[in-house]
Amino acid sequence: MTASTPVAERPVKEPKRQQRFDEGTGRLAATLLSPTLLVLGVVVLFPIMAALRDSLYQSGQRLDENGFIVKGSTFVGLDNYTAIFKGETGDRFWNAFYNTSFFTVVCVILETALGVAMALIMHKAFKGRGIVRASILVPWAIPTVISALLWKWIFQADGIANAVIGTQVLWSTEGWQSKLSVVIADTWKTAPFIGLLVLAGLQTIPAEVYEAAKVDGANAWKTFTRITLPLVKPALLVAVLFRILDTLRIFDLPFVLVGAHKNSVETLSMLAYDEAFNTRFGPAAAYATVLFIYVAVVAYLFVKILGADVIGEARAKKRGGGRRKKNGNADTAAARAVVAAGAGPGTGGNV
């Protein structure tokens with residue numbers, strides 16, 4: 001018998017792992033964004049922490065319990081926050097809180113309606129569209145202080161506004177007229193911003209969607225409510241969110257247009273500025289902290305309730321990109337189904 005030589009087993013090659021097209025992009029993005037995040041931490045996070053610390057102290061000269069003058073900063077805990085809601089300070093705070101909320105709600109609603117109308121006008125193809133787009137965007141390009149000075153000249157006693165309405169209105173005094181002047185000036189200044197973002201959303205809508213709606217007999221209103229608004233919703237929500245956050249911090253426009261210490265237009269930012277201007281840095285930091293919390297809560301509720309999650313929607317669209325490539329007419333078919341559900345007889349429209 002002869003012993004057989006054992007045959008060495010051939011190594012089995014493991015199948016190569018297929019790399020995803022986006023593999024490693026997360027680490028690369030983190031590396032590229034790290035300098036920006038560092039700068040944001042220095043210019044944003046550090047001031048916030050410093051304001052929180054200052055809100056727990058009182059600085060300057062004051063009398064202690066024994067009647068002696070105390071200089072410097074003294075730790076007072078939450079006294080600056082509790083003092084906000086007491087006595088005359090509380091009345092002034094709630095008045096500023098109401099003015100801030102009033103300007104935010106009224107101005108954002110008016111700016112959204114006018115901004116969408118501006119976007120629809122700028123999106124139309126007509127002769128002289130470039131001039132119309134430039135003229136609509138001019139107010140947004142003007143600095144806020146310059147805009148406030150311009151409207152202050154318009155609203156003065158012998159200004160253009162009183163000449164147009166044919167009566168004498170003191171726009172810069174206490175009363176509803178001062179609120180109205182701020183609303184008009186802010187709407188004129190920032191409605192083009194919403195129009196610009198909505199216009200960008202309109203330009204991403206395929207023309208085939210409107211053609212399908214026209215074939216199905218949808219009129220202009222059905223096309224606008226069932227196609228245009230749903231498809232521009234991400235851009236519109238981002239624009240509205242930016243305007244809400246900006247209006248909640250409104251300061252320079254009412255400060256320059258109407259003036260300081262006016263109960264009709266005093267906002268939380270103006271109240272915090274007034275405290276800091278009078279070297280009451282602790283209460284000023286407390287007002288600023290309350291405003292910061294107010295803005296953060298409003299932004300969180302806006303995103304959660306209305307779904308202004310543009311990043312999440314973009315990821316969902318990326319994951320569904322392969323399916324859309326297999327059926328290039330999916331968007332058109334979906335639009336036709338939506339329009340067919342509520343379209344009535346009438347002439348087709350293209351909004």
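User: Is His-261 buried or exposed?

Analyst: The relative accessible area of His-261 is 52%. The model is a predicted one, in which local features need pLDDT of at least 70 and side-chain atom pairs count only at pLDDT 80 or more, while totals for chains, interfaces and linings use all residues. Residues are numbered from 1 along each chain as its sequence is written, and side-chain values use heavy atoms, with hydrogens and water left out. Buried means under 20% relative accessible area, exposed over 50% and partly exposed in between (1.4 Å probe, protein chains only), so His-261 is exposed.

User: What is the phi of His-261, which is not a glycine?

Analyst: His-261 is found in the loop between α10 (252-257) and α11 (268-277). Most residues other than glycine have a negative phi. His-261 is not a glycine, yet its phi is positive, at about 60°.

User: In which loop is Thr-279 found?

Analyst: Thr-279 also has a positive phi of about 60° although it is not a glycine. Its relative accessibility of 48% makes Thr-279 partly exposed. Thr-279 is found in the loop between α11 and α12 (281-306).

User: With which residues is Lys-262 in contact, leaving aside its neighbours within four places in sequence?

Analyst: Lys-262 lies in the loop between α10 and α11 and is partly exposed, with a relative accessible area of 22%. The C-alpha atoms of Lys-262 and Ser-172 are 9.0 Å apart in space, although 90 residues separate the two in sequence. Taking contact to mean heavy atoms within 4.5 Å, and leaving aside neighbours within four places, Lys-262 is in contact with Ser-172 and Glu-174.

User: How many helices and strands does the secondary structure of the protein chain come to?

Analyst: Helices (H or I, at least four residues) and strands (E, at least two) are DSSP runs, numbered from the N terminus. On that basis, the secondary structure of the protein chain comes to 15 helices and four strands.

User: What share of the contacts in the protein chain with a separation of 6 or more comes from residues 24 or more positions apart?

Analyst: The protein chain has 351 residues, of which 32% count as buried. Among its contacts with a separation of 6 or more, the share from residues 24 or more positions apart is 70%.

User: Which residues make the contact between α8 and α9?

Analyst: Axes are lines fitted to C-alpha atoms, for helices over the stretch in contact, and angles run from 0 to 180 degrees between N-to-C directions; those of helix α8 (residues 207-215) and helix α9 (residues 220-248) come within 11 Å and cross at roughly 165°. Angles under 35 degrees count as roughly parallel, over 145 as roughly antiparallel, 65 to 115 as roughly perpendicular and the rest as oblique, so α8 is roughly antiparallel to α9. The contact is made by Val-209, Tyr-210 and Ala-213 of α8 and by Thr-223, Ile-227, Thr-228 and Leu-231 of α9.

User: What is the handedness of the crossing of α9 and α12?

Analyst: The axes of α9 and α12 come within 10 Å and cross at roughly 165°, and the two helices are therefore roughly antiparallel to each other. Residues of α9 including Leu-237, Leu-241 and Leu-248 meet residues of α12 including Leu-291, Val-298 and Leu-306. A crossing is left-handed if the near helix is turned anticlockwise from the far one by less than a right angle, and right-handed if clockwise. The crossing of α9 and α12 is right-handed.

User: Which residues of α3 and α11 make the contact?

Analyst: The axes of helix α3 (residues 87-123) and α11 come within 8 Å and cross at roughly 140°, which makes α3 oblique to α11. The contact involves Arg-92, Phe-93, Ala-96, Phe-97 and Thr-100 of α3, and Leu-268, Leu-271, Asp-274 and Glu-275 of α11.

User: Why does the pair of Trp-151 and Trp-188 tie together parts that are apart in sequence?

Analyst: Rings of Phe, Tyr and Trp (its six-membered ring) pair if their centres lie within 6.5 Å; planes under 30 degrees apart count as stacked, over 60 as edge-to-face and the rest as tilted. A search of the whole structure finds 19 aromatic pairs, and among them Trp-151 and Trp-188 are edge-to-face, with 5.7 Å centre to centre and 75° between the planes. Trp-151 lies in helix α5 (residues 144-154) and Trp-188 in helix α7 (residues 176-202), so the parts that the pair ties together have a sequence separation of 37 residues.
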